[in-house]
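Visitor: I'm new to this one and would like a close look at a single part of it. Could you pick a spot and walk me through what surrounds it?

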Amino acid sequence: MILMSPYEEKKIFKLRIVYNKKGCTAAGHCVLSDPFNFTLDKNFEAVLVDGKPMPNIEGVWYKDIETDSPHLPINASKTCTPKVIAIIDRETGKRIAP
Ligand code: SF4
């Protein structure tokens, strides 16, 4: 059995969240999964908190984060029914969700 010290440092993940608002069907699963990075506007469509518009791609937003809780945005991506949220590992350049 491996015991982790409570003082052991957590791994920090460098991720990019990419969100295509044009495909949002306003169900809100992303907000329930990751309330730190998603909220809803007055039309109940998701907003990527502090997101930046993707250059030259209208309606697409992105945000680079460093987090020890990657499961939050990953769950937001996986629970989004129309799959309009992508999570990219910035260290490998690979898409890790959905
Ligand atoms: S889970 Fe997807 S469809 Fe639902 S509000 Fe969030 S972005 Fe929109």
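**A close look at one strand and its surroundings**

Guide: Let's start with Asn20, which lies in strand β1. Before we go on, keep in mind that this is a predicted model.

If you skip the neighbours within four places in sequence, Asn20 is in contact with Gly59, Val60 and Val84. Take Gly59: it sits 39 residues from Asn20 along the chain, yet the two C-alpha atoms are separated by 6.0 Å.

Now step past the strand. Between β1 (13–20) and α1 (29–33) there is a loop, and Lys22 is found in it. Lys22 counts as exposed, because it has 12 C-beta neighbours inside 10 Å. Its C-alpha atom is 9.5 Å from that of Glu45, a residue 23 places away along the chain.

Back to β1 and the sheet it belongs to. Strands of a sheet pair through backbone hydrogen bonds, either parallel or antiparallel. Here five strands make an open sheet, the order is β4-β5-β1-β6-β7, and the pairing is antiparallel. At the edges are β4 (52–53) and β7 (95–97), each of which pairs on one side only.

What does β1 do with β6? The two pair in the antiparallel sense, over five bridges. You can find Val18 standing opposite Ala86 in β6.

Carry on across the sheet and you come to β6 (residues 85–89) and β7, antiparallel strands joined by two bridges. In this pair, Ile87 stands opposite Ala97 in β7. The hairpin of β6 and β7 has five residues between the strands, and in it Gly93 takes a positive phi near 80 degrees.

There is a helix to look for here too. Helix α2 (residues 71–79) lies across β1, β6 and β7, and runs at about 140 degrees to β6.

One last stop is the ligand. Which residues come nearest to it? Of the 13 residues around the ligand, those are Cys24, Ala27, Cys30, Ala46 and Cys80. The shell as a whole divides into nine nonpolar residues, four polar ones and no charged ones.

Note on methods:
Residues are numbered from 1 along each chain as its sequence is written. This is a predicted model: local features need pLDDT of at least 70, side-chain atom pairs count only at pLDDT 80 or more; totals for chains, interfaces and linings use all residues. Helices (H or I, at least four residues) and strands (E, at least two) are DSSP runs, numbered from the N terminus. A residue is buried if 20 or more other C-beta atoms lie within 10 Å of its own, exposed if 12 or fewer, and partly exposed in between; C-beta atoms are placed from the backbone. A residue is near a molecule or strand if its C-beta atom, placed from the backbone, lies within 6 Å of it. Ala, Val, Leu, Ile, Met, Phe, Trp, Tyr, Cys and Pro count as nonpolar, Asp, Glu, Lys and Arg as charged, and the others, Gly among them, as polar. Two strands pair if DSSP finds at least two bridges between them. Two residues are in contact if their C-beta atoms, placed from the backbone, lie within 7 Å. Axes are lines fitted to C-alpha atoms, for helices over the stretch in contact, and angles run from 0 to 180 degrees between N-to-C directions.
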